Amino acid sequence: MAMWNPWRGCKKCSDGCLHCYIHKGDSKRNINTNEIVKTKDFEKPIEKLKNGNYKMKSGIVYLCFSTDFLLEEADEWRKECWKMMKERQDCTFLFLTKRIDRLMKCIPNDWNDGYDNVVVCCTIENQKNADDKLAIFKDLPIKHKCITAQPLLEKIDMEKYLDDIELVVCRWRI
């Protein structure tokens with residue numbers, strides 16, 4: 001498993017953000033989370049060794065686990081990321097987002113019903129979020145869908161949204 005954070009920083013956008021590990025961790029390190037910047041790892045998936053092999057090993061790649069892949073401030077960089085993901089068919093890129101309503105504005109022209117090697121995980125934390133976000137998510141053209149209920153702030157009924165969902169992850173607020 002690999003991590004790829006092509007940018008860092010995030011903006012709070014939902015109730016769950018009050019408990020965000022990114023903001024808490026950045027605060028401890030005196031980093032301004034509201035500043036969205038490209039990282040030195042931006043091209044990590046396509047970096048190669050001297051022998052021509054990729055440095056990043058094949059397998060699952062956790063994408064943007066210290067930010068949100070659909071963050072509006074990263075729109076100018078995302079096209080390049082999609083290109084790298086398409087190149088690395090030997091990897092499965094998984095990203096979580098609290099901004100699922102932005103997906104159709106952010107996908108590449110050749111997305112069709114999704115890339116085989118991309119898993120999109122919609123993050124929810126309460127019933128209002130579930131009803132708003134999952135109503136959008138269920139109709140999006142995505143080959144591999146999962147739902148993450150974290151931090152889970154209250155009991156959620158999401159049964160009517162579970163068609164075509166491959167995985168549900170729940171974590172109570174701690």
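Reader: Start with strand 6, residues 118-124. Is the strand mostly covered or mostly open, and how many of its residues are buried?

Author: Strand 6 is mostly covered: seven of its seven residues are buried. Buried means under 20% relative accessible area, exposed means over 50%, and partly exposed lies in between, with a 1.4 Å probe and protein chains only. Helices (H or I, at least four residues) and strands (E, at least two) are DSSP runs, numbered from the N terminus. This is a predicted model, where local features need pLDDT of at least 70, side-chain atom pairs count only at pLDDT 80 or more, and totals for chains, interfaces and linings use all residues. Residues are numbered from 1 along each chain as its sequence is written, and side-chain values use heavy atoms, with hydrogens and water left out.

Reader: How do I read the two faces of strand 6?

Author: In a regular strand, side chains alternate between the two faces of the sheet. Here, one side of strand 6 carries Val118, Val120, Cys122 and Ile124.

Reader: Which strands pair with strand 6, and in what sense?

Author: Pairing needs at least two bridges between two strands, as found by DSSP. Strand 5 (residues 91-97) runs parallel to strand 6, joined by five bridges. Within strand 6, Val119 is the bridge partner of Leu94. Strand 7 (residues 144-152) also pairs with strand 6 in the parallel sense, over six bridges. There, Cys122 has Ile147 of strand 7 as its bridge partner. From strand 6 the chain crosses through helix 4 (residues 127-137) to strand 7, and this β-α-β crossover is right-handed. Right-handed means that, with the strands pointing away from the viewer, the path from the first strand over the helix to the second runs clockwise.

Reader: Now the cysteines. How many disulfides does a search of the whole structure find?

Author: A disulfide is a covalent bond between the sulfur atoms of two cysteines. The cut-off is a pair of cysteine sulfur atoms within 2.5 Å. The search finds one. Cys121 and Cys146 are joined, S to S 2.5 Å. The pair links distant parts of the chain: Cys121 sits in strand 6 and Cys146 in strand 7, 25 residues apart. The link is left-handed, with -135° about the S-S bond. Cys121 is buried at 2% relative accessibility, and Cys146 is buried at 4%.

Reader: How many salt bridges does a search of the whole structure find?

Author: Take the criterion before the count: a side-chain nitrogen of Lys or Arg within 4 Å of a carboxyl oxygen of Asp or Glu. The search finds eleven. One of them joins Arg102 to Asp75, with the closest N and O atoms 2.8 Å apart. Arg102 lies in the loop between strand 5 and helix 3 (103-106), and Asp75 in helix 2 (residues 75-87), so the pair ties together parts that are 27 residues apart in sequence. Arg102 is buried at 10% relative accessibility, whereas Asp75 is partly exposed at 33%. A network of salt bridges links Asp75, Arg78 and Arg102.

Reader: What is the burial state of Arg88 and of Asp90?

Author: Arg88 is buried, at 0% relative accessibility. Asp90 is partly exposed, at 34%. Their side chains meet in a salt bridge, 2.8 Å from N to O. Another salt bridge pairs Asp139 with Lys138, at 3.2 Å. Asp139 is exposed at 56%, and Lys138 is partly exposed at 40%.

Reader: Last, the backbone. Which residues does the cis peptide bond join?

Author: The bond joins Gln150 and Pro151, with omega about -5°. Pro151 is found in strand 7.
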